[in-house]
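Colleague: I would like to learn how to read a model like this one. Could we go through it feature by feature?

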Amino acid sequence: MLLAWIGHGWGAALIVIIGSVVINLIGDNVLTPRLAGKALNMSTATVFLSFIFWSWVFGTLGALISIPLTAIVVAALESFDETRWLATLMSADAIPAAPGDETAAPVIPVETPPAKPEQGK
């Protein structure tokens, strides 16, 4: 911003400030949850809500370590049969695939047994 102000004036400095704010907002609120969620198999909503929760619990430190803390919680939930459903709920695999979405988890078809032939005819 300072270089833009010295070299081109206030208008260029203002454009640099607005541009950096927009880029940071998009990166922090859209890209980071999506990329972290895909890498850790967590849904975007889980990443976003964990950021809010851990920020509320630990403040700024919680915001910095929210994703690793949530990954630890998911791993702990997966290790017990009674809580595995919560881990599945927090994972990206729990979200049904949209039509035409090749990036979503594959849906395993359920086979139905063949029909029994009618007897007595």
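Modeller: Start with secondary structure. This is a predicted model, and its protein chain has six helices and zero strands. From the N terminus on, the order is α-α-α-α-α-α.

Colleague: How much of the protein chain is buried?

Modeller: Buried residues are 17% of the 121 residues. The accessible surface of the chain is about 9700 Å², and carbon and sulfur atoms hold 71% of that surface. Among contacts with a separation of 6 or more, 33% join residues 24 or more positions apart.

Colleague: Take one residue. Is Ser66 buried or exposed?

Modeller: Buried means under 20% relative accessible area. Ser66 has 3% relative accessibility, so Ser66 counts as buried. Ser66 belongs to helix α5, residues 66–78. Leaving out residues up to four places away in sequence, Ser66 touches Ser50, Phe51 and Trp54. The Ser66 side chain also reaches the backbone oxygen of Ala63 at 3.5 Å.

Colleague: How many aromatic pairs are there?

Modeller: Rings pair if their centres lie within 6.5 Å, and by this rule there are four aromatic pairs. One of them is Trp5 with Trp10, tilted, at 5.1 Å centre to centre and 50° between the planes. Trp5 is partly exposed at 36%, while Trp10 is exposed at 62%.

Phe53 and Trp56 form a tilted pair too, at 6.2 Å centre to centre and 50° between the planes. Both lie in helix α3 (residues 44–58), three residues apart, about one turn of the helix. Phe53 is partly exposed at 41%; Trp56, at 69%, counts as exposed.

Colleague: Which residues do ring pairs link into a cluster?

Modeller: The cluster consists of Phe53, Trp54, Trp56 and Phe58.

Key. Residues numbered from 1 in each chain as written. Predicted model: local features only at pLDDT ≥ 70, side-chain atom pairs only at ≥ 80, totals over all residues. Heavy atoms only, no water. Helix = DSSP H or I, 4+ residues; strand = E, 2+ residues; numbered from the N terminus. Buried < 20%, exposed > 50% of the residue type's maximum accessible area, 1.4 Å probe, protein only. Contact = heavy atoms within 4.5 Å. Areas by Shrake-Rupley, 256 points an atom, 1.4 Å probe, with all protein chains shown as cover. Polar contact = N/O pair within 3.5 Å; in protein donor to acceptor, adjacent residues only side chain to side chain. Phe/Tyr/Trp six-rings, centres within 6.5 Å; stacked < 30°, edge-to-face > 60°.
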